[in-house]
Amino acid sequence: MKLVVERSALMRILAHAYSVVERRSTIPVLSNIRLEASDQGLKVTATDMDLEVVQVLPAEVDVPGTTTAPAHLFHDICRKLPDGSEVALDRNGETGRLSVTCGSIQFEFAILPPEDFPLMTQTPYSHSFSLPAGDLRRLLDRSRFAALVDGARLHLQGIYLHATTGEAGEVLRAVATDGHRLARIETEQPSGAGGMPAIIVPNKTIGVLRGMIDEAEEDIFVDVAERKVCFRFGDISVTSKLLEGSFPNYQMVIPDSNDRILEVSTDTFVKAADRMAVISRDKGRPIKLAIESDRVMLSASNLEGVTGEEELSASYDGPSMEIGFNSRYISEMAQHFDGDVLRILMARESSPAIIRDAGDDRTLYVLMPLRV
């Protein structure tokens, strides 16, 4: 294999591969990426056997062929090469080594047989559809922070994506929860998504995918099967196994009788909550909201006896009450709001609250209160 590729284009792909490959793996070849040169260019594949990213970039290929390269070493070498330079890759079939050359700079290292590199088997997908990149970014950004990060409940460590009927008609819905909070985000259901199997996309896949579509402007094509999902856009393909298990019936935890409604400026409330969070970082120490008809008093304290409070103007329909929330949870929810008004719907001090952007009927959060 022998080719020349532009360094910045190669670095873009290696950065994507870098996020997939595990630095320490019990299977040595999984610490590598697969490089395949052909008349179509250079195809780079990275996998951890649950997630596979494939990307093709233009290259001047003199000798077609396939090889592997240690992902992190290769990435670090190319990162140190001059900007705007061209990189030559040459696999010596006799020595079984790969050379990386850039002008007078040359590196050479041993490689593993490309035949040992595992590739995901082709899957017949039952449903395929496309949606604008902005819609997918919105679904992911407004839900993924609520997913469980670790623990025994593996089926909660991802985003539950499914087609369903919402208040606005047929929608594609993303749901995530860690047991303390729940995010439910909707977008108009794309053509072809109706009847798709409900899937749970793992956190790692969401993180890798989100980093790749940050600047994407074209539509994202989604292929869905019962145990696998594939996202395709531009020259990139992201294929992932799905989490097994049944996602809980989230509709059961969304209250439908919360008639105490608090409305407050989103920006003002979040900044005040952040100030109170300075002294309420102890686990289980909430920010307390003392709510009356035209104001809400935010207060906090810690185990060292430090206290703080701030009064905000608000609109409230209901009897006076006090309720406590985790300040970080509120901030993570509200930072994705586009409107100026944050709306909290409550039933009583100990019941789950609904938090919404007053100007967005497709974003809904449920938050468990803390004892004050």
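Trainee: In which helix is the place of L140?

Mentor: L140 sits in helix α3 (residues 133-141). Helices (H or I, at least four residues) and strands (E, at least two) are DSSP runs, numbered from the N terminus. Before we go on, note that this is a predicted model, where local features need pLDDT of at least 70, side-chain atom pairs count only at pLDDT 80 or more, and totals for chains, interfaces and linings use all residues. Residues are numbered from 1 along each chain as its sequence is written, and side-chain values use heavy atoms, with hydrogens and water left out.

Trainee: Is L140 buried or exposed?

Mentor: Buried means under 20% relative accessible area, exposed over 50%, and partly exposed in between (1.4 Å probe, protein chains only). L140 has a relative accessible area of 6%, so it is buried.

Trainee: Which residues does L140 touch?

Mentor: Contact means heavy atoms within 4.5 Å. Not counting residues up to four places away in sequence, L140 touches I159, I206, L209, R210 and I213.

Trainee: Now the strands, please. How many bridges join β2 to β3?

Mentor: Two strands pair if DSSP finds at least two bridges between them. Strand β2 (residues 32-38) and β3 run antiparallel and are joined by five bridges; L35, for example, has V44 of β3 as its bridge partner. The two strands form a hairpin with two residues between them.

Trainee: What does β3 do with β4?

Mentor: β3 pairs with strand β4 (residues 51-57) in the antiparallel sense, over six bridges. T45 has V54 of β4 as its bridge partner. Here the hairpin has three residues between its strands. M49, in the loop between β3 and β4, has a positive phi of about 80 degrees although it is not a glycine. M49 is partly exposed, with a relative accessible area of 38%.

Trainee: Why is β3 described as largely enclosed by the rest of the structure?

Mentor: Six of the seven residues of β3 (residues 41-47) are buried, so the strand is largely enclosed.

Trainee: Last one: at what angle do α5 and α6 pack?

Mentor: Axes are lines fitted to C-alpha atoms, for helices over the stretch in contact, and angles run from 0 to 180 degrees between N-to-C directions. Helix α5 (residues 266-277) and helix α6 (residues 327-334) pack at about 150 degrees, with their axes 9 Å apart. That makes α5 roughly antiparallel to α6 (angles under 35 degrees count as roughly parallel, over 145 as roughly antiparallel, 65 to 115 as roughly perpendicular and the rest as oblique). Residues making the contact include F269 and V270 of α5 and I330 of α6.
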